[in-house]
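Trainee: I'm new to this one, could you walk me through it?
Mentor: Gladly, let's bring it up and go place by place.
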Amino acid sequence: MKRLTSYAHGGGCACKIPPGELEQMVSGLVGVDSPELVVGLEHGDDAAAVLLDPAGDGTVIISTTDFFTPVVDDPFDWGRIAAANALSDIYAMGGTPMLAINLLGWPRGVLPTELATEVLRGGLAVCRQAATPLAGGHSIDNPEPIYGLAVTGRGKADRLLRNDAGQPGLPLSLTKPLGVGVLNNRHKATGERFEEAVASMTALNADASAAALAAGIRAATDVTGFGLLGHLYKLCRASGVAAVIDHRAVPMLAAARQSLAEGFVPGGSRRNLDWVAPHLSAEVAEDELLLLADAQTSGGLLLAGEIAGAPVIGELVPAGDGPVITVR
């Protein structure tokens, strides 16, 4: 039997529609204007949030969905990674997940149903770890295998982590290392397994989110398919600020640089860099920028603030006439 990743044209969040193309698609699609909608489409935040009761205590319901093609060959691990990635959108908003449902596309007659069961079992394992009920879902017969979750969470309107709340002078912290896109690309090409990449992708962002709220942080996003540079650009644009990054302070998975030097670069990472390049000033080589733009799957949180265990990689600065992001 072929390896699971061979049935996917792209892997994980690297198979996202390119950010510039996506923004053109959704331009003007603002939906119903509602005073209860606290976070909508305006700034491309990680999830939507709506007040449960406008006259109540500020509780919001947070809604998101995320799914993708196989990023690893092990079906159980793929299920775990996809579930952790979908739950991350709730944590990136400062919320607590309440309920998840499965989204599955499966090539019937091509891949055995036993593999699909393993994928679903992996998703269930991570939802149990997150103390989040996983109840039912939807499945289709599809040429490519796809899996993910739709997740509902809750939070407080005045304590949400948002991508439009950045302020000049705030430090920028990153809670997971970069490089899983490069390593997943190598895994797909060679079959080599990178345990540190799997461990990073299956780690929940729950503790980082709780620590950010406890520290009074209000601006954050998670780093997924658009890479660190892409998601930072969106945060800066939404907040009306600029950013300076120290590339030496950005944590990287051990094998990422060598794998990049050997040519294992996801197409999504190059598209990310192309999208951000007009807004970027860099004093480093292109290979380093490709790692900073690397399309992450189930990446960490990018926080405008500091928490224990997360390296400070730069700071937000006042916006001016120059580049939005400077990499030194």
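Trainee: Does A131 count as buried or exposed?
Mentor: A131 counts as exposed, because its relative accessibility is 64%, where exposed means over 50% relative accessible area, buried under 20% and partly exposed in between, with a 1.4 Å probe and protein chains only. Keep in mind that this is a predicted model, in which local features need pLDDT of at least 70, side-chain atom pairs count only at pLDDT 80 or more, and totals for chains, interfaces and linings use all residues. Residues are numbered from 1 along each chain as its sequence is written, and side-chain values use heavy atoms, with hydrogens and water left out.
Trainee: Where is A131, and what is its phi?
Mentor: A131 is in the loop between α3 (113-129) and β5 (134-141), helices being DSSP runs of H or I with at least four residues and strands runs of E with at least two, numbered from the N terminus. Its phi is positive, about 55 degrees, although A131 is not a glycine. Most residues other than glycine have a negative phi.
Trainee: And what about S298, is that buried or exposed?
Mentor: S298 counts as buried, because its relative accessibility is 1%. S298 lies in the loop between α10 (286-292) and β11 (301-304), and its phi is also a positive value, near 50 degrees.
Trainee: Switching topic, which residues are buried in helix α5?
Mentor: In α5, which covers residues 195-202, the buried ones are A197, V198, S200, M201 and T202. Among the elements that cover them are α2 (75-92) and α4 (180-190).

Methods: Contact = heavy atoms within 4.5 Å.
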